[in-house]
Amino acid sequence: LVGSEMCIRDSVWTVTQTGTSAGVVVVSAAGNGAEDLDSSWYATNYMNWGDSGAILVGAGTSDTNHDRLSFSTYGARVDVQGWGHNVFTLSNSCTAELGGDPDQAYTDSFGGTSGASPIVTGAAILIQDFAIGMTGNPLDPLVIRDILKATGIPQGSGGPIGPFPDVEAAFLLLDADMDGAMSPDFGGDDCDDLDATLNPASDVDGDGSLGCTDCDDNDADVNPDADELCNTIDDNCDSTV
């Protein structure tokens with residue numbers, strides 16, 4: 001692409017990078033041209049622009065192999081994949097029609113990276129909603145992208161298009177003990193993400209001191225408001241005995 005076409009493409013990258021820097025999660029189709037983003041041409045004309053922050057999506061098979069479909073663009077920059085065929089969605093190519101209404105017609109054969117991207121978008125929304133539910137704050141777009149890549153189901157064959165999203169695994173990364181308090185690794189305040197009884201809202205021993213401030217939530221005589229006694233215990237949780 002040259003001249004005005006190059007400017008248009010550059011503008012799309014700039015808008016995307018501006019959005020992700022502002023906290024907007026952007027999911028982008030990698031394209032259906034079977035392009036190799038690791039090639040020398042793309043190294044000069046795309047990769048050297050830097051990271052836009054978008055989640056770039058390739059097209060994989062709809063079975064458990066998660067192989068790259070032949071038409072999908074691929075490369076190290078492609079983060080994750082979705083189904084690139086057999087996607088059920090609204091369409092004027094009718095597989096099913098609700099109540100004879102052509103505006104409610106569906107197909108089961110939509111595809112391409114355009115079909116794969118909404119699958120990843122849905123996963124990103126669920127992960128973001130899960131995080132907001134625990135902390136009240138959204139995760140950074142780059143964190144969402146890293147979580148999808150780190151917890152996804154590995155790709156099968158073909159040029160790299162990344163793993164297939166695994167939302168349950170992503171939830172467990174954010175809250176390993178599933179106690180509703182997020183791991184400090186992601187900005188949460190769970191003091192022990194491997195023990196569901198220890199979190200900012202817990203009070204196992206009923207002493208009125210919540211779990212993350214109580215140095216021993218199994219002993220009601222030990223809490224920040226207790227008197228320090230002459231014993232071998234840190235009775236008042238001040239780190240001294």
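Rings of Phe, Tyr and Trp (for Trp, its six-membered ring) pair if their centres lie within 6.5 Å; planes under 30 degrees apart count as stacked, over 60 as edge-to-face, and the rest as tilted. With that rule, ring pairs link Trp13, Trp41, Tyr42, Tyr46 and Trp49 into a cluster. This is a predicted model, in which local features need pLDDT of at least 70 and side-chain atom pairs count only at pLDDT 80 or more, while totals for chains, interfaces and linings use all residues. Residues are numbered from 1 along each chain as its sequence is written, and side-chain values use heavy atoms, with hydrogens and water left out.

The aromatic rings come first. The structure holds 6 aromatic pairs. One of them joins Trp13 and Trp49, whose ring centres are 6.3 Å apart with 75 degrees between the planes, an edge-to-face pair. Trp13 belongs to helix 1 (residues 3-21), whereas Trp49 sits in the loop between helix 2 (40-45) and strand 2 (55-60), so this pair ties together parts that are 36 residues apart in sequence. Helices (H or I, at least four residues) and strands (E, at least two) are DSSP runs here, numbered from the N terminus. Trp13 has 17% relative accessibility and counts as buried. Trp49, at 24%, is partly exposed.

Phe130 and Phe171 make a stacked pair, because their ring centres are 4.0 Å apart and their planes are at 15 degrees. Phe130 is buried, with a relative accessible area of 18%. Helix 5 is also the place of Leu172. Leu172 is partly exposed at 39% relative accessible area, and its C-alpha atom is separated by 18 Å from that of Pro200, 28 residues apart along the chain.

Charged side chains are next. A salt bridge is a side-chain nitrogen of Lys or Arg within 4 Å of a carboxyl oxygen of Asp or Glu. By this rule the count comes to 4 salt bridges. Asp51 forms one of them with Arg77, the closest N and O atoms being 3.6 Å apart. Asp51 counts as partly exposed, at 40% relative accessibility, but Arg77 counts as buried, at 11%.

Asp51 also meets Arg145 in a salt bridge, at 2.6 Å from N to O. Since Arg145 is in helix 4 (residues 141-151) and Asp51 in the loop between helix 2 and strand 2, the pair ties together parts that are 94 residues apart in sequence. Arg145 is buried, with a relative accessible area of 9%. Arg77, for its part, meets Asp79 in a salt bridge (2.8 Å, N to O), and Asp79 is buried, with a relative accessible area of 3%. Salt bridges that share partners join Asp51, Arg77, Asp79, Arg145 and Lys149 into one network.

Now for a sheet. Two strands pair if DSSP finds at least two bridges between them. An open sheet of 3 strands has the order 4-6-5, and its pairing is antiparallel. Strand 4 (87-90) and strand 5 (96-97) stand at the edges with a single partner strand each, so one side of each is left without a neighbour in the sheet. Strand 5 and strand 6 (residues 105-110) run antiparallel and are joined by 2 bridges. Ala105, in strand 6, is the bridge partner of Glu97.

The last stop is Gly211, placed in the segment after helix 5 (167-174). Gly211 is buried, with a relative accessible area of 3%. Contact means heavy atoms within 4.5 Å. Not counting residues up to four places away in sequence, Gly211 touches Cys191, Asn199, Ser202 and Asp217. The C-alpha atoms of Gly211 and Asp238 are separated by 15 Å, and these two residues are 27 residues apart along the chain.

Note on methods
Buried < 20%, exposed > 50% of the residue type's maximum accessible area, 1.4 Å probe, protein only.
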